[in-house]
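User: I would like to learn how to read features off a model. Can we go through some, one at a time?

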Amino acid sequence: RHVLAGDTEAALATVELYVGSPFETAAHWFRAWMLAEAGRATEAVAQLEALDGALREDWFRLPLVTAALHAAGLARSVAQVERLLPLARPLSGFLACTGSGGIVVGPVDLALARAELVLGDTAAARRHLDAATAMAVRLEATPWVERAAALRVELDAAG
């Protein structure tokens, strides 16, 4: 909720709960998303680059990869988008969150849509954006409906 409200510092503080846990290093990608949402692209890309290596095959992978792809797309980092897309594409159709009351990263397809737009594939971006919008509307998730609408404006401007 802090990310959606634009309170970056409060959002970053929530990630500190991962310090000292098996998920500590993965928190870099959550930080990246939070920083990218705040328009801090250079810091976001640095956080994406800070996690190097294989991800665990567990429940945490879905929100983590989605957060990272959101960050890469918002930062318009082609290199990071290309790195993350193979991890994210199989997650299409899911809603990314860390659990009840946890970090909600939104529809995976919204992150996929922005990533495809960064790479210039507007047809793929539209398909993913349509899926993300339908999910957000079905869930009555106003913040994600609004984000999808804003991305639709960007996509329409791109052609």
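User: Where is Glu 140 found?

Analyst: This is a predicted model. Glu 140 sits in the loop between H8 and H9. Its phi is near 55 degrees, a positive value in a residue other than glycine.

User: Is Glu 140 buried or exposed?

Analyst: Exposed means over 50% relative accessible area. Glu 140 has 69% relative accessibility, so it counts as exposed.

User: Which residue just after H5 takes a positive phi?

Analyst: Arg 76, at about 55 degrees. Arg 76 lies in the loop between H5 and H6. At 46% relative accessibility, Arg 76 counts as partly exposed.

User: How many residues of H5 are buried?

Analyst: Buried means under 20% relative accessible area. In H5, 13 of the 14 residues are buried, so the helix is largely enclosed by the rest of the structure. At 1.5 Å a residue, H5 (residues 61–74) should span 20 Å, and its end C-alpha atoms are 20 Å apart, which agrees.

User: Which residues touch the most other members of the largest nonpolar core?

Analyst: The core has 51 residues, and those touching the most other members include Trp 29, Phe 30 and Leu 64. Elements giving two or more residues to this core include H3 (27–37), H5 and H9 (142–158). Among the residues that Phe 30 touches are Tyr 18, Pro 63, Leu 64 and Val 105.

User: What forms a nonpolar patch on the surface?

Analyst: Leu 95, Val 104 and Leu 139, with about 230 Å² of accessible area together. Val 104 is in strand S2 (residues 104–107). Val 104 counts as partly exposed, at 37% relative accessibility.

Key:
Residues numbered from 1 in each chain as written. Predicted model: local features only at pLDDT ≥ 70, side-chain atom pairs only at ≥ 80, totals over all residues. Heavy atoms only, no water. Patch = residues over 30% accessible without salt bridge, like charges linked within 9 Å, V, L, I, M, F, W, Y side chains within 5 Å. Areas by Shrake-Rupley, 256 points an atom, 1.4 Å probe, with all protein chains shown as cover. Salt bridge = Lys/Arg side-chain N within 4 Å of Asp/Glu carboxyl O. Helix = DSSP H or I, 4+ residues; strand = E, 2+ residues; numbered from the N terminus. Buried < 20%, exposed > 50% of the residue type's maximum accessible area, 1.4 Å probe, protein only. Expected span 1.5 Å × (residues − 1). Core = buried A, V, L, I, M, F, W, Y, C linked by side-chain atoms within 4.5 Å. Contact = heavy atoms within 4.5 Å. Lists of a residue's contacts leave out its neighbours within four places in sequence.
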